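Biologist: Could you walk me through this one while I have it on screen?
Modeller: Gladly, ask as you go.
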Amino acid sequence: MDEIKSPKKPLIFYYIIVMAILLLLNLFAVPKMMQMSITEVDYGTFMTMTENKEIGQVEIEDNQILFTDQSGDKIYKTGLMDDPGLTERLYDSGAKFSSEIVEQASPIANFLLTWVFPVVLFVVVGQLVSRYMMKKMGGGNNAMSFGMGKSNAKVYVKSTTGIKFADVAGEDEAKENLMEIVQYLHDPKKYTDIGASMPKGILLVGPPGTGKTMLAKAVAGESDVPFFSISGSEFVEMFVGMGASKVRDLFKQAKEKAPCIVFIDEIDAIGKKRDGQFSGNDEREQTLNQLLTEMDGFEGNTGVIILAATNRPDSLDPALLRPGRFDRRVPVELPDLKGREEILKVHARKVRVDMSIDYNIIARMASGASGAELANIVNEAALRAVRDGRNLVTQSDLEESIEVVIAGYQKKNAILTDKERKIVSYHEIGHALVSALQSHSAPVQKITIIPRTSGALGYTMQVDEGNHYLMTREELFDQIATLTGGRAAEEVAFGSITTGASNDIEKATKIARAMLTQYGMSEEFDMVALETVNNQYLGGDTSLACSADLHGDIDRKVIALVKQQHQKAIDLLTSHREKLDELANYLYEKETITGEEFMEILNRPSTDPALSLTE
Ligand code: ADP
Ligand code: ZN
């Protein structure tokens with residue numbers, strides 16, 4: 001499939017150039033050319049010529065007098081004077097009063113300048129603009145071009161390289177759901193015979209980079225139909241009404257090319273709830289209204305299927321979601337372990353890899369990564385292999401690039417002082433130790449204290465716990481304790497604290513708050529929703545849904561909860577002080593500790609406590 005890229009030079013750019021040229025011509029060139037054949041004389045000469053009856057025609061203007069001699073061959077001009085009897089004297093001299101002397105000055109040049117030149121200029125510019133438009137609308141080899149449409153929808157046509165479902169790894173439920181559309185487009189009769197009509201609109205919902213666009217393309221690729229794709233934000237223009245006309249245009253084209261797929265990415269850009277506030281955006285509302293009208297306007301069996309993608313489904317206008325519009329919702333979630341492994345394999349097919357790579361391990365390490373991130377990890381690994389002068393991507397390339405994609409590049413020239421390195425070692429070990437002491441299993445895959453470009457001074461790769469759908473109250477407590485473990489280790493070991501814990505603090509507070517306000521895990525508030533989640537796929541920020549009174553109570557309870565877990569972490573680390581020292585010491589010297597090494601040290605009998613680094 002070929003996507004037609006449009007050059008993004010705004011049309012207005014050309015208009016401005018034309019205007020500038022015309023303005024300059026009018027200011028300088030035209031008057032100059034006109035005056036070329038006019039001789040300037042003083043007023044005395046003019047009076048003498050009047051008296052001698054040598055004047056043919058005369059034209060008195062606001063600030064000058066133009067006149068010709070008897071034969072009319074030569075044109076003169078002179079300044080205007082306060083001369084009361086002038087008109088009569090001229091009349092007496094037999095001069096003809098005229099208003100066309102200038103035009104006579106150079107009839108051909110004048111004609112060219114005032115008539116031919118502007119026409120030529122506009123034709124040339126018109127050509128340029130229309131060529132630009134054609135290019136924009138698509139005129140490539142394997143692309144359809146369709147008139148001078150106003151819609152920016154790009155057209156994809158079937159080609160041998162089209163994306164198929166096989167290219168989209170994981171996401172089996174979504175694929176199954178969309179398979180029906182493909183079958184319908186292949187054989188609509190089967191459906192129309194029984195009287196079934198396809199849903200007009202299907203909403204793909206999920207976090208960024210999970211393959212929504214890919215799935216839409218794959219539906220088009222599998223069913224061999226044209227694919228129109230436009231982003232919601234492209235509809236919203238500076239001028240009210242432009243977006244609506246784009247929508248109209250898009251649907252007109254789509255109906256002509258039916259059966260086809262129309263894909264609207266980021267539909268939330270136009271489909272936001274119309275809340276009727278003052279800040280309302282007229283243009284957006286008109287565009288949305290037009291979209292609704294268009295969707296109502298065609299029958300379910302015309303063969304135009306609209307797919308839309310969003311990562312903020314809860315912000316969409318309910319009118320958009322009602323039956324007959326986007327009534328089918330296909331979740332496209334972050335891939336699970338198996339999905340991640342498959343996605344890695346799909347992308348690894350495109351690079352030359354070492355046969356012995358264990359994708360399962362990589363997938364485990366990259367817990368929480370989206371499809372786009374996994375694609376990026378494979379690419380980073382390939383780049384790394386090239387950098388090292390190898391022609392195969394190895395396991396360690398992939399492992400290192402996970403850290404690169406998630407935490408940024410190693411910052412080779414960041415020099416931590418010795419003291420800072422010690423603190424970072426203790427901090428990271430603090431987290432891991434508190435976690436291990438609570439769960440009695442390896443908490444981390446790996447910890448390194450090499451600074452990253454993301455600003456992290458160390459990096460901890462958590463153990464992937466597999467698919468985990470429920471969390472108990474105790475597990476959440478443990479999580480908070482683990483998050484406070486870094487700071488607790490600093491306190492236990494050094495008796496002082498640093499700024500290194502700000503991220504931990506944020507996360508711990510978030511969990512504690514959610515326990516009280518969303519999960520109903522406190523006695524006092526019981527099962528009352530005190531907060532609502534706004535957009536679950538984009539960080540999931542919350543807004544309060546309770547009285548200011550209760551708000552104060554919540555804050556106090558959150559503080560108490562975190563404080564309690566923080567104390568638990570301090571107690572755990574104090575009672576395992578020797579292990580804390582031993583592990584931190586190991587990390588400080590080796591810069592990296594794996595999960596196995598960590599557990600090995602934790603479970604072996606203590607060595608000499610004098611190893612402590614803090615002395
Ligand atoms: P979205 O539209 O959900 O934000 P995209 O479909 O644009 O995400 O995906 C971006 C890139 O991520 C794709 O080009 C592809 O390389 C990769 N990707 C994402 N999900 C998958 C998947 N399930 N299988 C294979 N590649 C994927
Ligand atoms: Zn920390």
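Biologist: In the open sheet of three strands, what is the strand order, and is the pairing parallel or antiparallel?
Modeller: The order is 13-12-16 and the pairing is antiparallel, where strands (E, at least two residues) and helices (H or I, at least four residues) are DSSP runs numbered from the N terminus, and two strands pair if DSSP finds at least two bridges between them. Before we go on, this is a predicted model, in which local features need pLDDT of at least 70 and side-chain atom pairs count only at pLDDT 80 or more, while totals for chains, interfaces and linings use all residues. Residues are numbered from 1 along each chain as its sequence is written, chains are lettered from A and ligands numbered from 1 in the order in which they are written, and side-chain values use heavy atoms, with hydrogens and water left out.
Biologist: Which strands stand at the edges there?
Modeller: Strand 13 (459-462) and strand 16 (592-594) do, and each has a single partner strand, so one side of each is left without a neighbour in the sheet. The twist from one strand to the next averages 5 degrees.
Biologist: How many bridges pair strand 12 with strand 16?
Modeller: Three bridges, in the antiparallel sense, with strand 12 covering residues 444-448, and Ile447 has Ile593 of strand 16 as its bridge partner.
Biologist: Which helix lies across those two strands?
Modeller: Helix 22 lies across strand 12 and strand 16, running at about 125 degrees to strand 16; axes here are lines fitted to C-alpha atoms, for helices over the stretch in contact, and angles run from 0 to 180 degrees between N-to-C directions.
Biologist: At what angle do helix 22 and helix 23 cross?
Modeller: The axes of helix 22 (residues 577-590) and helix 23 (residues 595-603) cross at roughly 145 degrees and come within 10 Å. The contact (heavy atoms within 4.5 Å) is made by Lys579, Glu582, Leu583 and Tyr586 of helix 22 with Glu597, Phe598, Ile601 and Leu602 of helix 23.
Biologist: Switching topic, which residues come nearest to ligand 1?
Modeller: Of the 16 residues around ligand 1, those coming nearest are Ala169, Gly209, Lys212, Thr213 and His347, a residue being near if one of its heavy atoms lies within 4 Å.
Biologist: And what lies 2.5 Å from an oxygen atom of the ligand?
Modeller: That is a polar side-chain atom of Thr213, whereas Gly209 has a polar backbone atom 2.8 Å from an oxygen atom of ligand 1, and for a polar backbone atom of Ala372 the distance to a ligand oxygen atom is 3.4 Å.
Biologist: Last one: what is the order in the open sheet of five strands?
Modeller: The order is 1-4-3-2-5, with mixed pairing. Strand 1 runs parallel to strand 4 (residues 75-79), joined by three bridges, and Glu40 stands opposite Lys77 in strand 4.

How values were computed. Polar contact = N/O pair within 3.5 Å; in protein donor to acceptor, adjacent residues only side chain to side chain.
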